[in-house]
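Here are my notes on the model, point by point. Please read them with the structure open.

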Amino acid sequence: MNDNDPTSHPQGDFFNADRFHNDLQNFSKQIAGCDKLVRMANISLNQIDARIAEAARIEAKAAAIVDAAAREAGRVAAESASIAVADMMGKMAAVTKEAEQVVQAINRSRGQTGLWIAFYIVCTLVMCLLTAWITQRIAKSSAITPEITESIALGEKHEALLRKATDKERKMINEIIARKPKSKER
């Protein structure tokens with residue numbers, strides 16, 4: 001290990017593997033939580049689809065009742081037709097009311113599901129941001145080692161010298177920097 005080389009340092013002083021693995025594990029748990037939220041949303045959407053199918057079935061049943069009542073009205077005498085039409089209208093009103101209730105329930109379920117999904121997403125994002133902020137604060141306070149501090153001080157000294165350099169010295173420095181490294185022949 002070279003004491004003058006700012007990049008030369010033992011791995012343990014710069015990178016804490018246990019903390020990294022713990023942070024990675026926490027992040028994985030948060031991703032699993034997000035995945036669980038998506039699965040819950042899919043379950044809710046499947047329930048909504050089932051209710052929509054039920055409403056379609058009720059609507060088809062209502063259409064079948066209307067068709068049956070129309071055929072019945074054609075066969076029956078005028079008096080019977082009036083009674084059948086009155087009965088049919090009562091059934092239509094009941095089926096229509098039931099269909100409206102199902103549609104209202106579906107709309108409520110969709111709204112509630114959307115609100116829950118939005119709530120879960122917001123909570124998850126807040127937790128992700130909070131975790132990132134805490135991790136950044138922890139990393140910021142523990143990431144600067146004495147070697148890095150020495151390198152920063154050395155860099156500041158070099159910067160001060162560069163500011164004081166003449167144009168000729170700057171040109172010479174730029175030429176040195178622009179040189180291609182010599183390749184070692186074996």
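1. Start with the surface. Met-127, Leu-130, Trp-133, Ile-134 and Ile-138 make a nonpolar patch of about 470 Å². Patch members have over 30% relative accessible area and no salt bridge; nonpolar side chains (Val, Leu, Ile, Met, Phe, Trp, Tyr) are joined within 5 Å, like charges within 9 Å. Areas come from the Shrake-Rupley method with a 1.4 Å probe, and for residues only the protein chains shown count as cover. Trp-133 sits in helix α3. Helices are DSSP runs (H or I, at least four residues), as are strands (E, at least two), numbered from the N terminus.

2. A word on the basis. This is a predicted model, in which local features need pLDDT of at least 70 and side-chain atom pairs count only at pLDDT 80 or more, while totals for chains, interfaces and linings use all residues. Residues are numbered from 1 along each chain as its sequence is written, and side-chain values use heavy atoms, with hydrogens and water left out.

3. Seven residues form the largest nonpolar core: Ile-48, Ala-55, Ile-58, Ala-62, Val-95, Val-102 and Ile-106. Two elements, α2 (17–75) and α3 (78–142), each give two or more residues to this core. Helix α2 supplies the largest share, four residues. A nonpolar core here is a set of buried Ala, Val, Leu, Ile, Met, Phe, Trp, Tyr and Cys residues joined through side-chain atoms within 4.5 Å. Buried means under 20% relative accessible area, exposed over 50%, and partly exposed in between (1.4 Å probe, protein chains only).

4. Which residues does Ile-58 touch, not counting residues up to four places away in sequence? They are Val-95, Glu-98, Ala-99 and Val-102. Contact means heavy atoms within 4.5 Å. Val-95 and Val-102 are also core members.

5. Next, the aromatics. The structure holds three aromatic pairs. Phe-119 and Tyr-120 form a tilted one, at 6.0 Å centre to centre and 55° between the planes. Rings of Phe, Tyr and Trp (its six-membered ring) pair if their centres lie within 6.5 Å; planes under 30 degrees apart are stacked, over 60 edge-to-face, and the rest tilted. Ring pairs link Trp-116, Phe-119 and Tyr-120 into a cluster. Phe-119 is partly exposed at 43% relative accessible area. Tyr-120 is partly exposed too, at 29%.

6. How many salt bridges does a search of the whole structure find? It finds four. The criterion is a side-chain nitrogen of Lys or Arg within 4 Å of a carboxyl oxygen of Asp or Glu. Among them is Arg-39 to Asp-35, at 3.5 Å, N to O. Both residues lie in helix α2, four residues apart, about one turn of the helix. Arg-39 is partly exposed at 47%, and Asp-35 is partly exposed at 42%.

7. Arg-163 and Glu-159 meet in another salt bridge, at 3.9 Å, N to O. They are four residues apart in helix α4 (residues 146–164), so about one helical turn separates them. Arg-163 counts as exposed at 58%. Glu-159 is partly exposed at 45%.

8. Finally, Arg-170 and Asp-167 form a salt bridge at 3.8 Å, N to O. Here the spacing is three residues in helix α5 (residues 167–178), again about one helical turn. Arg-170 is partly exposed at 35%, whereas Asp-167 is exposed at 61%.
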